[in-house]
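The following exercises concern the secondary structure and packing of one protein chain. Please work through each task before reading its solution.

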Amino acid sequence: MLEKGKNSPGFIIFSVFCALLTLAGIISLFGSWYTIDQSERGVITRFGKVTHIAEPGLGFKAPLISDVTKVSIANLSVTHDEIQAYSKDQQPAKMKVSVGFHVPPDEIEALYTKYGNIQVMADRLVNRHIPTQVENVFGQYNAVSAVQHREEFVKKVTNELKKALGNEPLVVDSVNIENISFTDEYEKNIEERMKAEVNVAKTQQMLQTETINADIAIQKARGMAESQLSMAHAEAEGIKLRGAAEAEAIKLRADALSKNPLLIELITAERWNGELPQTMLPNSSVPFINTKNNDH
């Protein structure tokens, strides 16, 4: 009789109902709470409609009718291994470009409403705009200048990408162009050109050095010439002064002789050694002896 009761339709229905009720209880128990990491935010929806954005930590929701979609706010990146573009001088190049970005916490709801998740947004926005902006900016440079001014080139790409995504729920953190490769032939030409530029720079440096050395030599020569000229002027001035002094002395002596004719005889007498000449001409007078009588 008991065996027949367990197999009755009413008992089976009751058992199924209890099992479903237990399962619903378990689901409700485990589906009524959630955890959000520090680098995430949670989009809480009820019947598909966003009710609020959950902060990091433990949270509770209505089971079965509410869902939680976790969205990362950490820094993310996408990489394009081979973007092909042409330079201003029509040289083809391939570039590896990576872009770092993140979703601000206050843009989580906008991102979910517009794109549903980050992956869809990255595919529709970042991956679509990266090649376009790289090609546009690279086309403004010659091949050589793009390599030589890579920092400026990357900055322009970053600014253009930020401008293109300015109204979207993300922030571009960085753009990194890891490699710019040209055809083998063109890279060889670039290498030869750079070597030539280095040689030109060395030659210019040598010329500048020689010019500086020449200027130094000129300054030294000029200094020596000025020094010798100064010495010559000083010597000439000394000679002039000595000549003037001698002329003045001669003039003074001449004035003295003109005023006193006997001064010559006095000087002659003072310089005489007291000896008379051994030979004399006929009718000549004895030196220093005046035979005339001054009284007459």
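Helices (H or I, at least four residues) and strands (E, at least two) are DSSP runs, numbered from the N terminus. The model is predicted: local features need pLDDT of at least 70, side-chain atom pairs count only at pLDDT 80 or more, and totals for chains, interfaces and linings use all residues. Residues are numbered from 1 along each chain as its sequence is written, and side-chain values use heavy atoms, with hydrogens and water left out.

**Exercise 1.** State how many helices and strands the protein chain has, and what percentage of its residues count as buried.

*Solution.* The protein chain contains eight helices and eight strands. Burial means under 20% relative accessible area, exposed means over 50%, and partly exposed lies in between (1.4 Å probe, protein chains only). Of the 296 residues, 23% count as buried.

**Exercise 2.** Give the strand order of the open three-stranded sheet and name its edge strands.

*Solution.* The order is E3-E2-E5, with antiparallel pairing. Strand E3 (49–54) and strand E5 (66–72) are the edges, since each pairs on one side only. Neighbouring strands of this sheet are turned by 25° against each other on average, direction ignored. Strand E2 (residues 40–46) pairs with E5 over seven bridges in the antiparallel sense. Thr-45 stands opposite Asp-67 in E5.

**Exercise 3.** Classify the crossing of H4 and H6 by angle and by hand.

*Solution.* Axes are lines fitted to C-alpha atoms, for helices over the stretch in contact, and angles run from 0 to 180 degrees between N-to-C directions. The axes of helix H4 (residues 118–138) and helix H6 (residues 150–164) come within 9 Å and cross at roughly 135°. Angles under 35 degrees count as roughly parallel, over 145 as roughly antiparallel, 65 to 115 as roughly perpendicular and the rest as oblique. H4 and H6 are therefore oblique to each other. Their crossing is right-handed, a term for the near helix being turned clockwise from the far one by less than a right angle.

Technical notes:
Pairing = 2+ DSSP bridges.
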